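Welcome! Please open the structure in your viewer and get ready to select a few pieces one after another.

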Amino acid sequence: MSRLMKTDSVNANGITQVLNVTFQVPSADHQPHVTWSSPQANQMYSLIVWDAGALILHGMFYNIQGSNLQNARVRNVAKPYHGPKNPSNRDQPYAFLLYTQSRELDPELVMTSLESALASSQGSQMTFTPVVITSQFSSVLSGPVGASVLTVNTDPYAAGYMKKNKIVNNCPAMLTPVFQQLPLVYDVGSVSLTVDVDVTYKTEEMMINSCCREVRIPAATRMANPMGNGDIRPVYTRHEPHVTLVPSNFFDTYFLLRRMYTLLMLDVTEDLDANNNNPNILLHWQVVNIMEGELMAGETIKSYQKPLPLTDGGSRVMMFLLLHQSSLVTTTGLDRFVGSDCPAHLTGRCSFNLTGFINEHGMTIDGASWFITSADEYSRYEVIRMALQGTSAACVGIEEYGDPCPNPTCGAELAHASTLGIALVLVSLGKSGHFFTNWATTYSCHPELYFKPETTEEIRQILAFAREKGKKVKVVGNGHSPSDLACTTDYMVSLEFYNKVLQVDTENLQVTVQGGCLVQDLNLNVLPAHGMAFSVLGTVSELTVAGVISTGTHGTGANYGIMSSYVVAMDLMTASGEIIHISKEENAELMPAARVGLGALGIILNVTLQCEAAFNLHQKQYPATLKDVVENLDVYVTSSDHFRFFWFPYTENVICYHASRTREEVNAKSSWFWDSFVGFHVLQLLYWISTFVSQLVPCINRLYYRLVYSSCTEKIDQSYRVFNFDCLFRQYVMEWAIPRNKVGVVLMELNNWIITNRFPAHFPVEVRFVKGDDIYLSPAYGRDSCYINIIMYRPYNKFVRNDKYWDAFEQIVASVGGRPHWAKDHKYTSGQFSKLYPKWNEFCRLREQLDPNGMFLNANLERVFGKSAGKATASSVYV
């Protein structure tokens, strides 16, 4: 007991017995069984659990009758048991102290005394010593008469607890000595880790047929845990993980803001093999120039490649390294660190010169994490599908496997599945019970099955399955369309994981991507890394490329068309599973229809988009009057590359935005107070109040114009940062394209209707301009157009009436030949569209050829094309 005596808080001379302390789990976190010898059956005791090193109270029990804490006939709890969570590597004495009582203690008096003692110690557990209690009850308590002392050190559980509760992050310090012992080619013996690299994989449920076995794999979340169970099966690593950087010092909030990082994912299996004299480190992922601790803010040099260990290849060690950059990494020329001879069995995962990369850029290792993975059902499924390993080799040791499969049905499917003799069924079965809702939460649906394919063959199999079952198929993007365009009750297909960048052509300034690739990812990572940018963008970029094309998404600029007009080529899978390549060289006659197809022609697999050299935009913002803008519209529209304006209902005020290309450096500032607090949170609260008192809306519109928008400002920023802006909170929107010379007529009539009907119209009414085109279903077909977008916010997702406003606006724009935005709400049907679009009948004939049974139609498209649109005969299929 000498260590307790050193604290001068416990008199150990009276201790006559050692307490029996038993933990039922391999952790001191759960309350243990504590027993002792009691010479008198009615003797009462108090028990104090105390961290004698950190001076922290971990539990206090009193009025205990008997010799067993758990089974005592009478027991009061002053403080529930709380296990030790020592954050340091230093041993701490953790004591159980037993005192005798001469009589029963008053619970109210004990609690008052304890609360007072803890309050004076500035915390519920801080700097506590038993004497603060025993001295107040010296006439009742004697002892300690029994004790038991544990030696407690930190462990991964304690470190994780401290980190989770933001007390201290000791995880990098714990991992450092383990990491230093790894026999990597790059010498890590002196590395001191300062940042936690938290790697989290999240996967949805899937079913595969692998080696003649049907396997259902549940949805799961897995984290790389180098200090604990380090194994993660390949099936759970099939999607890019979420990586979070956590510094060891929580209180240094600017730690990550001051630093720039590179993240590498490497297969270091051979490097850790002491018997391998020429080890290969294989690169699976590379992101450089990560700023502010946000991986998405970095530049992806090599997209994530999932690990696929072979059946006879043993376990693989996958390591994440966080490298501190001393300066910005130039993204060109980094391929010199990648070997030219990629292992044939690991396509796309090439040898990497780690030492050369680190030394040339003057980097240091700040963080690390790793896991071990071995072959499983999914990796066998993939290596056979990708022809990386033969079926018999991949399926060795699987009892159910046979050639052909013992199950006759399975064998028949396999014979049909692949001319390469791939021994598995290339079908990833859909998930039932999925609930889909769009971003605005204005439309939702329950598809019968929900698919997330990763490969072209899986998409083909889904369509084959739908044909067999007589089901409709609807492809969904990122859910931003504020209409029911994406809804279905049959089969829904998300291209979330069909999202790879296939080629970047820097000579022709073109990028080729799969349909599920997000425009945002291209803006942030891919295009800047190659000195490229889109010529024009819409308001938001959290959209899939296929969705942008299918709905005719647009930006603004008198000399710039909708984004579909920048499509150079695409691959389209029709309802039959046939893939049609469309470009100016092949099937060029399909291009005017396919560029805006509403998802009705087929599934967009790959798209090649025309870009231009990366550029900055100089944006000028200033106030004007609605009357002046509409009277001098051509001057406003043509005086910059990209012009748009916002009109504030119940005022004559507009705010104008002019943006033009510039060679000047980025100079953009933001204000959390004005942009977020006032511009978002306060506005949402005010509009919510106005749902009860609608007369407030005109005042809110006027207030925000004067408070936030009426001043003149300028900024210079990367093009996509100027094109995009925050859409704030949930909302109803309606947007129509009209001839540019009708802007004044429409806005003045809309203004008159709002004032006459006293409708509480929210701001802004957004007005943008687009160059005419020859795309069959483009709202800008054959004419330079103006898009007018009206809005009604839904503060805190509250329902807000908008039907009268919508009907009035639709009548006004219809009177000047308006065409609705395909992704937004409208009530038009086939008969009306046939009068608006000169090429309507040509598109419909082509649609019926490519999809004769209407597989790609849903309720929205049946209104657009007519309910009989899917009843063409199979003989008219496009060849």
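This is a predicted model: local features need pLDDT of at least 70, side-chain atom pairs count only at pLDDT 80 or more; totals for chains, interfaces and linings use all residues.

**Stop 1: an open sheet.** Select the 6 strands that lie in the order β1-β8-β7-β4-β5-β6; together they form an open sheet with mixed pairing. Which strands sit at the edges? They are β1 (17–18) and β6 (76–79), and each of them pairs on one side only.

Now pick out β7 (residues 92–101) and β8 (residues 141–152), which are joined by 9 bridges in the antiparallel sense. For a detail to look at, show Pro-93 and find Thr-151 of β8 opposite.

**Stop 2: strand β9.** Next, select residues 195–203, which make up β9. Is this strand largely enclosed or open? Of its 9 residues, 8 are buried, so β9 is largely enclosed by the rest of the structure.

Look for Thr-200 opposite Met-223 of β12.

**Stop 3: two helices.** Finally, select α19 (residues 743–757) and α20 (residues 803–814), whose axes come within 10 Å and cross at roughly 150°. An angle over 145 degrees counts as roughly antiparallel, and α19 and α20 are therefore roughly antiparallel to each other. Their crossing is right-handed. Show the side chains in the contact, including Trp-753 of α19 and Phe-809 of α20. By class, this contact has 9 nonpolar, no polar and 2 charged residues.

Methods
Residues are numbered from 1 along each chain as its sequence is written. Side-chain values use heavy atoms; hydrogens and water are left out. Two strands pair if DSSP finds at least two bridges between them. Helices (H or I, at least four residues) and strands (E, at least two) are DSSP runs, numbered from the N terminus. Axes are lines fitted to C-alpha atoms, for helices over the stretch in contact, and angles run from 0 to 180 degrees between N-to-C directions. Angles under 35 degrees count as roughly parallel, over 145 as roughly antiparallel, 65 to 115 as roughly perpendicular and the rest as oblique. A crossing is left-handed if the near helix is turned anticlockwise from the far one by less than a right angle, and right-handed if clockwise. Contact means heavy atoms within 4.5 Å. Ala, Val, Leu, Ile, Met, Phe, Trp, Tyr, Cys and Pro count as nonpolar, Asp, Glu, Lys and Arg as charged, and the others, Gly among them, as polar. Buried means under 20% relative accessible area, exposed over 50%, partly exposed in between (1.4 Å probe, protein chains only).
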